[in-house]
Amino acid sequence: MIPKLPLHSPRWRDLDGVTAGGVEMLLQQMASTAATGTGDAWKRTWTDLSGGLLDDGTVFDGAYAALPYFVQAAADLPPGQTVDFWVDLGCIVTAEDRSPVPADLEAGFGAALRLAEQAAVRSLLAADAPAEVRVSLALSCVAFAGHHIGTALWSLQLQEGHLGVLCPGCEADTEIPEFFVDPVRPPFDAPGLTDSLRVRPGEHPWGEVAAALRDEALGEGWEPFLRVAREVAAAGVPPETPGQAVLCLVAGMVAAEGTPRGAGSALGRELMLLTGHFRCWNCERTWTIADGLAETPYGAHPQTPYGAHPQTPNDAPASTVTSAETEMEVGRTGEVPNRLRQEGTALVAADGTPWGHLTVFSGSAFSDSVPLPGGGVDSLTVVSRPGGPVLVAGAGDQGTVRLWDPVDGRLVHDPLPAHPDRVRSMTTLPLPLPDGRVLLATGGETGTITLWDPATGRPVREPVGHRFGEVIGMCAATVPDGRTLLVTASPRGAVRLWDPATGESVGSLNPYGSPILSIAAVPVSAGHTLIAAVDTGHRIHVWDPAVDDPWERGAAVPLSKSALSDADHRAADVTAVPLQGRTVLASGDDLGAVMLWDLTTGDPVGDALPSASGTAGLPVMAATTLDGGRSVLVAGSRLRSSLRVWEPETGAVRHIALEVALSCLAAAGPDLIVGHDRGILGIPLTRHAG
């Protein structure tokens, strides 16, 4: 018997996703079907209940109490009636957002999975299920056995025709179009099992599966793959088995038992292609496809180092070159390397030649730099001062603000007095102080705004309250009457103008109150700045801070709706870009695409930077001008480790693979400043001699 939480226990009231009454109703229906051998009312009830146990990838804790009941009841039903139930259960136990099993429910849930494995394997062998359904059922059985490749239930989308994998090293997405074809003979060798498999201890149901894997199921040349599948099944699918080998088992079962027979064989051969390799477009290392499909691949390691091509029969066919790889070839100009990677504190090209040295400001295992409280960095800006620029970073739960010299990474002086809350945004204000210094403004997560003198490290004005909540973004705007204003924005839609001299609010923008994601100041003429913002609906707004009435457009011109529509551009970030003697607006979307806009006309400028899976996600951007007047825009996405350095005038694209997760970017002349999950790095955008 499986230990279960009694249905009369008050503990059910503390669990989400299900009620004791709902569990009891489904059990009655399942018991009726078991007794009569007919009836499917329980399936409709299960569909409704499972939606509460698993919602949009999140498993609620009620599942751990309810499933022991359902698994035991389903195990008593005919194998052909429970296929969908076991697939649904497989999706639950492999969902990405799974909280730990509560201690008092752990024994029952563990016993339920052991019984589920036995019953689901019985369905795998006995049920007359279509080949496509059998793929999911086989992966569910593997998941119940405790093998990590079961998570491919979520990543493997056969109906799409293409294959999407995630690089275990740099976490870049790679898409292989037209992957699933039916090869007559194997295009590469079967994966090897160099070490003898350690047989899983205790009883397991996989012996019958090994017997069912017939040599003729796939046709000529496929017997080595089926031999691997039989060995894995005979051993009981131990958790340490390579993912490639377990995929042989999944493909073999689809071929041997899928219906109709011809469809099962064809799909089984297609699935055997998953036992090969893929080359990541970003870090250029080669991995097993199994490692790219699993959520947390056990023992994943690259088959080749950076930049090398695999020398095994498992090379991906030439037809699997991704669109991102094609883009990189287009971006190659002259002898400039278009793929760089971080190796410790060095930046090197794909061929191993040095590019430059990384400046470590904080939070790195490669130096003795000062760590930041809270680790990660939320915001960056660069403050000009006599004698050179000063890097400013806001980071840590304690509201710590530190200032570094971007040339050598040393602290300029002690940390600024603690900000009253976590710093979420910052900017510089070109209000001349003695000796030509400027002010630094910081905004916190509870709405505080502080002005600092970066030379002394002291606040020049007490924190101002922003009653509309978190200051998600800020920038400086100049207006024709000579004033410089501080502009702040909140996720609740408040965009305010502040007089830094008095600390008073002097106006507002965003009359529609759209929740804001990002804002940027874009100079359109001497002494006149427009404000661009993107909201949570991915709309781009342009406002003129020189106009008192926020409903009046002033010099602001809306961006071309037809251009936005044609590009299907759903912006999520904006920044200003110096380009050919003027400043344009850059907007980035969560697919990695970037468009440039002329704010005096509202029209796009030049060709866009195409989307790329390796930099897809919530975007981060920064722009600067290199020696010789070349403009570059650097784009990446939060929590990812890939950057693209784009020269809009030539279309050249350079890729940088880092060993950190990005949070924000800033530019200090020819250097890129990267805020990441552990600290700050300075990256040279031009090659350093020697």
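Leaving aside neighbours within four places in sequence, which residues is Leu137 in contact with?

## Around Leu137

Let's start with the answer, keeping in mind that this is a predicted model. Beyond its neighbours within four places in sequence, Leu137 is in contact with Val83, Trp86, Val87, Ala120, Ser123 and Leu124. You will find Leu137 in helix α6, which covers residues 131-144.

Leu137 has a relative accessible area of 0%, so it counts as buried, the cut-off being under 20%.

## The nonpolar cores

The largest nonpolar core in the model contains 107 residues. Those with the most contacts inside it are Trp12, Phe70, Trp86, Leu163, Trp206, Leu249 and Leu274.

With neighbours within four places in sequence set aside, its contacts are Leu156, Leu163, Phe179, Phe180, Leu247, Ile289, Ala290 and Leu293. There is also a second, separate core of 23 residues, with Leu347, Val360, Val620 and Leu658 among them. As a general background, nonpolar side chains in soluble globular proteins tend to be buried together.

## A buried threonine

Is Thr45 buried or exposed? Thr45 is buried, because its relative accessible area of 11% falls under the 20% cut-off. Thr45 belongs to helix α2, residues 41-53. Once neighbours within four places in sequence are left out, Thr45 is in contact with Met25, Leu26 and Gln29.

Notes
Residues numbered from 1 in each chain as written. Predicted model: local features only at pLDDT ≥ 70, side-chain atom pairs only at ≥ 80, totals over all residues. Heavy atoms only, no water. Core = buried A, V, L, I, M, F, W, Y, C linked by side-chain atoms within 4.5 Å. Buried < 20%, exposed > 50% of the residue type's maximum accessible area, 1.4 Å probe, protein only. Contact = heavy atoms within 4.5 Å. Helix = DSSP H or I, 4+ residues; strand = E, 2+ residues; numbered from the N terminus.
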